[in-house]
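Here are my notes on this one, in the order I'd click through it. Have the viewer open and follow along.

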Amino acid sequence: MRQQLLDVLHLLDATPAPRGAERTAAHRLRAWCAHRWPHVEWQVAEHGPEGGSLIAAHGAGPLLYSHLDTSLDDGGAYNQLVTGNAAPVAPLGVDGDVVAGFGLGVARGPAAAALVAFAEAGAGRLLLAGSGTHRRSGRTTGLEAYADAYPLPRSAIVAKCGPPTLLWHEPGALYLSVRVTGRSGAAMMPESATPPGGVVTSAGIVLDELARWRTAYLAADPRAGQTGRACGIGAISGGWPDKPDLLPAQLGIDLYVVTGDLVEPKVLAAELADRLRARCAQSVLRDCAVEVEAEPVAAAAATPADAPVVTAARAAWHEEFGAQPPPITGWTGSTDGVVLRARGVDTVRLGPQAKPAADDPRRDALSLGQLTAYARIYRRLLTELPA
């Protein structure tokens with residue numbers, strides 16, 4: 001199994017699969033799998049302009065889900081905006097028990113384990129979905145396209161890196177867009193803008209109030225079940241980099257918000273807008289308009305702790321690791337597990353633990369031994385869960 005995992009990882013590493021553009025990677029993976037495991041009918045389900053997912057089935061059974069996309073693209077134009085580094089990323093490397101490479105943690109490690117487990121199990125269904133990572137796009141995800149075309153089973157296993165335990169609760173998520181708008185002006189005449197000097201010079205006022213709001217939001221976390229809340233500012237924008245002699249009229253700040261409990265996005269946005277308006281009214285931003293818009297990603301969802309898939313996953317965990325899955329609270333990572341639960345599918349999530357590689361934080365490092373252990377758990381669940 002270790003060698004099969006390495007073979008799949010090297011194949012995935014050789015083909016970029018940024019979110020929404022996984023089609024080429026999906027077709028190459030399908031062709032490789034058809035040669036390696038010809039007794040299985042491997043298919044590519046296409047969605048959107050360039051999206052693609054790998055699907056296969058051994059008749060009815062639970063769904064083993066992971067995803068192909070790596071969120072960012074190794075060498076893509078947007079990577080430097082996040083990483084601050086334009087240098088090429090080194091290819092997949094193996095050093096003893098440690099494998100390191102681009103995208104291993106977000107997708108490729110658990111996806112490889114899911115693929116090998118499915119091929120060996122001879123049972124259940126497999127979906128390595130495109131567009132599985134969060135992104136503002138409005139396009140159909142690979143899971144949504146699959147669910148629209150195929151009947152979903154009663155239970156699913158999400159193969160994804162995460163905490164060293166079993167998850168049957170997962171948080172939801174949403175995006176918040178903050179826009180503070182004044183009047184544009186010219187840098188040679190700072191007083192021509194509203195506020196004088198331009199709205200971006202007063203970004204600190206808005207950021208300070210957002211920090212206060214974040215503290216209050218996290219403090220109100222009810223810690224429902226296994227999940228928790230989180231919030232971070234992911235982007236700040238304002239002005240035209242090619243024309244810094246013009247003072248922009250608008251400051252944009254975009255946040256990612258994790259909702260461990262059931263939160264109404266529009267209500268949250270309205271509360272934040274009221275708070276920012278009150279703060280701006282007491283500052284040089286008093287004549288600026290403040291708007292906050294919410295874009296839901298998914299709502300928090302839970303599978304009953306006594307559901308058959310949870311019971312089976314507990315038993316498989318104990319068989320593999322010799323102990324029960326450790327308890328956890330405050331988990332803030334959301335996956336398509338919430339989408340499956342929203343469609344009535346009892347779902348568990350488990351997978352290896354990744355960390356930044358020592359030589360380059362853009363690469364992830366995983367234990368091959370641990371990855372193999374989770375592949376064995378996935379294989380067992382596929383064979384033991386009822387159709």
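1. Start with Ser-131: at 4% relative accessibility it counts as buried, where buried means under 20% relative accessible area, exposed over 50%, and partly exposed in between, with a 1.4 Å probe and protein chains only. Before going further, a caveat: this is a predicted model, where local features need pLDDT of at least 70 and side-chain atom pairs count only at pLDDT 80 or more, while totals for chains, interfaces and linings use all residues. Numbering runs from 1 along each chain as its sequence is written, and side-chain values use heavy atoms, with hydrogens and water left out.

2. Ser-131 sits in the loop between S6 and H5; helices (H or I, at least four residues) and strands (E, at least two) are DSSP runs numbered from the N terminus. Its phi is positive, about 55 degrees, although Ser-131 is not a glycine. For background, most residues other than glycine have a negative phi, and most peptide bonds are trans. Pro-195 lies in the loop between strand S10 (185–186) and H6.

3. What does Thr-141 touch, leaving aside its neighbours within four places in sequence? Thr-141 is in contact (heavy atoms within 4.5 Å) with Arg-19, His-47, Gly-130 and Ser-131. Thr-141 is placed in the loop between S6 and H5, and its 12% relative accessibility makes it buried.

4. Next comes Gly-142, in helix H5 (residues 142–149). Gly-142 is buried as well, at 2% relative accessibility. With neighbours within four places in sequence set aside, the contacts of Gly-142 are His-47, Ser-53, Ala-129, Gly-130 and Ser-131. Along the chain Gly-142 and Glu-22 are 120 residues apart, yet their C-alpha atoms are separated by 9.9 Å.

5. Strand S3 (residues 63–67) has 5 of its 5 residues buried, so it is largely enclosed by the rest of the structure. Both of its faces are covered: Leu-63, Tyr-65 and His-67 are buried on one side, Leu-64 and Ser-66 on the other. S3 pairs with strand S6 (residues 124–129) in the parallel sense over 5 bridges, pairing being called when DSSP finds at least two bridges between two strands. S3 also runs parallel to strand S7 (residues 155–159), with 3 bridges joining them.

6. Now the open sheet of 4 strands, ordered S11-S13-S9-S14 with antiparallel pairing. Its edge strands, S11 (230–237) and S14 (289–298), each pair on one side only. Direction ignored, neighbouring strands here are turned by 20 degrees against each other on average. Helix H6 (residues 203–219) packs on the sheet, touching S9, S11 and strand S13 (250–259), and its direction makes about 10 degrees with that of S13. Helix H7 (residues 265–281) also packs on the sheet, touching S9, S13 and S14, at about 155 degrees to the direction of S14. Axes here are lines fitted to C-alpha atoms, for helices over the stretch in contact, and angles run from 0 to 180 degrees between N-to-C directions.

7. Within that sheet, how many residues of S9 are buried? The count is 8 of the 10, so S9 is largely enclosed by the rest of the structure. S9 (residues 172–181) is antiparallel to S14, with 9 bridges, and antiparallel to S13, with 10 bridges. For landmarks, Arg-179 stands opposite Glu-291 in S14, Leu-176 opposite Ala-294 in S14, and Gly-172 opposite Thr-259 in S13.

8. Last item: the axes of helix H8 (residues 308–321) and helix H10 (residues 368–384) come within 10 Å and cross at roughly 140 degrees. H8 and H10 are therefore oblique to each other; angles under 35 degrees count as roughly parallel, over 145 as roughly antiparallel, 65 to 115 as roughly perpendicular, and the rest as oblique. Residues meeting across this pair include Trp-317 and Phe-321 in H8 and Tyr-374 and Ile-377 in H10.
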